[in-house]
Number of protein chains: 2
Amino acid sequence: MQSPFFKRKYCRRSDLIIIAMKNELGSSHRVTTLSCALRAPPPARGLHSESPSAAPQRRPFSRVSEEDLTFFRRILQNRVITDPDLLESSNVDWLRSVRGSSEVLLRPQTTEEVSQILKYCSNRLLAVTPQGGNTGLVGGSVPVYDEIILSTSLMNDIISFDNVSGILTCQAGCVLENLSQYLEDRDHMMPLDLGAKGSCHIGGNVATNAGGLRLLRYGSLRGTVLGLEAVLSDGRVLDCLSSLRKDNTGYDLKQLFIGSEGTLGVITAVSVLCPRRPASVNVVLLGCESFQQLLETFQLCRGMLGEILSAFEFLDSECMDLLKTHLELTNPISECPFYIVIETSGSDATHDAEKLHNFLEEAMTSLLVIDGTVATEDSKIKALWSLRERVTEALTHDGFVYKYDVSLPVDMIYQLVLDMREHLGGGAKRVVGYGHVGDGNLHLNITSSAKDPSLLASIEPFVYEWTAKHRGSISAEHGLGLKKRNYIYYSKHREAVSLMSKIKDMLDPKGILNPYKTLPDTSPRSSN
Amino acid sequence: MQSPFFKRKYCRRSDLIIIAMKNELGSSHRVTTLSCALRAPPPARGLHSESPSAAPQRRPFSRVSEEDLTFFRRILQNRVITDPDLLESSNVDWLRSVRGSSEVLLRPQTTEEVSQILKYCSNRLLAVTPQGGNTGLVGGSVPVYDEIILSTSLMNDIISFDNVSGILTCQAGCVLENLSQYLEDRDHMMPLDLGAKGSCHIGGNVATNAGGLRLLRYGSLRGTVLGLEAVLSDGRVLDCLSSLRKDNTGYDLKQLFIGSEGTLGVITAVSVLCPRRPASVNVVLLGCESFQQLLETFQLCRGMLGEILSAFEFLDSECMDLLKTHLELTNPISECPFYIVIETSGSDATHDAEKLHNFLEEAMTSLLVIDGTVATEDSKIKALWSLRERVTEALTHDGFVYKYDVSLPVDMIYQLVLDMREHLGGGAKRVVGYGHVGDGNLHLNITSSAKDPSLLASIEPFVYEWTAKHRGSISAEHGLGLKKRNYIYYSKHREAVSLMSKIKDMLDPKGILNPYKTLPDTSPRSSN
């Protein structure tokens, strides 16, 4: 085991931190650029007082030797990548906010190969970063230093699909969109849908407990993932690849791996319960006078659309203004403080249309909504969805954006936007809110004409403290990864984090799996 | 710590085992009667060669002293029960198949009280059996020896209900039916429904990951339980009582406690996502010529009833015959080899009726079903449901019943019945199958005029081996408890059970929580 010496250089420019590190050989091994907003959580909780998102020191893992490469090539032949050009896209996340300096990318095809790799790495104390489609938003899917990248991209076989039960079993590296296409041909659909579906792997989706657009209707992966196979850090294969809807024989181990971001094991295969593809889809845009009325509309909607409701999203008038200003998108209804996008998915087009009609009539009559429009054709459906989906894009044209993704009790989600506006006064250009009402998931975005350290200092820790005060989650669906690991105490109690650390120690005692991710740098001691 | 000496006396009479034990003081501390069928699992898996359901030796826990009672009374006042008559119903399970000899029942009202109790018991090495409504079927909810019974019956406060999101938060001791009633008044319903709803506690439901009648529609508790508070064996309170639909901050610890049968912690409160109450309910009885046609009907049904399908149950002609013979229930349609009970729940009665009509027309036209009848009125709905629900009762009148509750890939569930019939030849009176097609959950029941050791020897381990061979679960929804703990290897790999044991050791290092339950007597060593 080497014990490298690091020189750290912090170049702090507002929220931008560059860390350059050199090991004892003098070669630069790491440059990390974190453009996310950084602020210290409460010191009382035992965290550093500065830059909780920054990478901690490299831990004393071994470095990959020629002998190691020879071993990997014996197992994987030409599926051992060491060409820096080919490694580039796997060393950097897709936001280009975090960059590692791995010199080896392994591309196993089978669980047995993954097992051999991890057994070897465990013995050699080589750190490993599992990587799916590398579409994560919190720096969880790229190495921090020179960790070996273990890619699931060649593990893309569909193992089975049971047309009667709708249960799909496949390798972890299957791309979500490919699975959706495969199922569409068989009159089914995946229970999750994401913007990144063209790249993300189902194994990565499960490892991050991805939420996405269909959660309101089909629930989280914790319910729809029926089975899972994972390779533990020492190479042992844990086969929980059940494809049963009911199985109460002992503890449900697969849940440990769902949402653990590759820190407890490498997911190699999954079984997923897939719903039937809906025969009919409708999308509606509605306008409301107040957020209270929007919430009442949601309530009415749950009652009257009931089983066909598949999405209930919202954006505020600032968002609509952004869409018009920067993307020249037209608001097809009259101007309102709040807009709702509702989607229905059902098995009978006539019934769905009737339910929608009745709901809209009631919502209009009771003055919950002011105006609205319905889309049943594909092109109009897409146009309405784009008003919700392109807010992120419009924001990037508005200046520098401070982005937050929190979940809160549904009736509180917009209060954070209002309180933030009041708190910031004239300090920000815009404070906008949009997101998934049905899931209690708010996307809070604050823009300014340029990066603004004093604005950032006003936003944080206010936003985290506000979220914590209302028992919200500081990461609704993106996970913690590298960037948010030290913010965990805003949403989880000390006892809980202590237990998480014990689970990590139990499953990965050498800490070789996706190090520096998910858990905070300073593990808490239990209070007892 | 005492180190008692036990004399064991095994009186084996076919599947009935009576274990009488005396401690060194000469007082009888334990009589267990296990009427469930017993057979050794494969010896290669490291289990005893005899009676895997029988209780193991009492572990060297302390015995409750007067000093202990004084401590408990100081915390709980008159909520410390030591009267043997009052303890009787808590010492025996409701099947009256397992009996403990606890001398103390504690009835805390708050999490803090539970915490104080467990902290004390941990220090004193006193074993504790958490108990909800005591409606379990595998001997998990009663003491095996003199474990202290910790009842949640006075922890029955509803903490909050959010009418917008449908999220209910309550203490663990709330009776399921009371919660259903509470929600009904608020236009919602619990996502689970069980025959035992009048007695079972929501905490017990969560601790056993109860399935029930609504799983097909609303999914398992792993998806619908959003938060959970548990007290660990040493008294630490783990507060994961989130009421958020999305929260990806670290590992999802609550999943450890769901389905762990009180062996990892005492669940004290839960948050549950509750669906809206359906405005319309229909029930249909259909008859099929073959199980293949029944499966095709299920497939058609999933497509055409889609989002309103809430149950798809089946029974075979032998079941219908039992209902007629023993309960004088009339089959309202023509005689068929297989019968289906379908339930729909929706938000619009007219639409639901139309969907049903279209589905039935298609099913009849394509000759998938031979005959059928629809019920929309409450009384007729109940009459049709009773054909499915009263099979268990009818069976008890047919003689001695060997009962199995397995889950399998949906297309295999009836094959087990056929193979068992062939395997047993004329050895059994009846071999019948019924259950939840939608969940892949078969209730296999075999009757004989009297207890029959040779018949039992033919059934087991055949039934477990068959289930294991088809990657089924030997406990679909009842858990393992005391009775099935040593059968776990039929459904879980050695690595998985090894990991479960490690989790138990981590969370309950002294093993005081619900000892002798869920995990096998002999923990496996990891293969690595």
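Me: How many bridges join E4(B) to strand E5 (residues 105-106) of chain B, and in which sense do the two run?

Reply: This is a predicted model, and in it 2 bridges join E4(B) to E5(B), the two strands running antiparallel.

Me: How many residues of strand E19 (residues 441-448) of chain B are buried?

Reply: In E19 of chain B, 8 of its 8 residues are buried. The side chains still point two ways, with B:Asn441, B:His443, B:Asn445 and B:Thr447 on one side and B:Leu442, B:Leu444, B:Ile446 and B:Ser448 on the other, but here all of them are buried.

Me: Which strands pair with E19(B)?

Reply: Strand E17 (residues 400-407) of chain B is joined to E19(B) by 8 bridges and runs antiparallel to it, with B:Lys403 having B:Asn445 as its bridge partner. Strand E18 (residues 430-436) of chain B also pairs with E19(B) in the antiparallel sense, over 7 bridges, and B:Val431 stands opposite B:Ile446 there. E18(B) and E19(B) form a hairpin with 4 residues between them, and B:Gly440 in the turn has a positive phi of about 65°.

Me: How do I read a salt bridge inside one chain, such as the one that A:Asp398 forms, and which parts does it tie together?

Reply: Begin with the two partners and the distance: A:Asp398 forms a salt bridge with A:Arg430, and the closest N and O atoms are 3.3 Å apart. A:Asp398 lies in the loop between helix H13 (391-396) and strand E17 (400-407) of chain A, while A:Arg430 lies in strand E18 (residues 430-436) of chain A, so the pair ties together parts that are 32 residues apart in sequence. Both A:Asp398 and A:Arg430 are buried.

Me: Where do B:Lys246 and A:Glu477, which meet in a salt bridge, lie?

Reply: The side chains of B:Lys246 and A:Glu477 meet at 3.1 Å, N to O. B:Lys246 lies in the loop between E11 and helix H8 (254-257) of chain B, and A:Glu477 in the loop between helix H16 (462-469) and H17 of chain A, so this pair joins two chains. Both residues, B:Lys246 and A:Glu477, are buried. Salt bridges that share partners also join A:Glu318, A:Asp321, A:Asp398, A:Lys429 and A:Arg430 into one network.

Me: How is the size of an interface given, and what is the area buried between chain A and chain B?

Reply: The size of an interface is often given as the accessible area lost when the parts come together. Between chain A and chain B the buried area is about 7700 Å², of which carbon and sulfur atoms give 54%. A:Lys246, A:Asn248 and A:Tyr251 supply 13% of the area that chain A buries against chain B, more than any other three residues. In terms of contacts, 96 residues of chain A are in contact with 96 residues of chain B.

Me: How many salt bridges and polar contacts cross this interface?

Reply: There are 12 salt bridges across the interface of chain A and chain B, among them the one in which A:Asp239 and B:Arg471 meet at 3.4 Å, N to O. The interface also has 54 residue pairs in polar contact, counting pairs with both residues at pLDDT 80 or more. By class, the side of chain A that touches chain B has 32 nonpolar, 39 polar and 25 charged residues.

How values were computed. Residues numbered from 1 in each chain as written. Chains lettered and ligands numbered in written order. Predicted model: local features only at pLDDT ≥ 70, side-chain atom pairs only at ≥ 80, totals over all residues. Heavy atoms only, no water. Contact = heavy atoms within 4.5 Å. Buried area = accessible area lost by both parts, 1.4 Å probe. Salt bridge = Lys/Arg side-chain N within 4 Å of Asp/Glu carboxyl O. Polar contact = N/O pair within 3.5 Å; in protein donor to acceptor, adjacent residues only side chain to side chain. Nonpolar A, V, L, I, M, F, W, Y, C, P; charged D, E, K, R; others polar. Buried < 20%, exposed > 50% of the residue type's maximum accessible area, 1.4 Å probe, protein only. Pairing = 2+ DSSP bridges.
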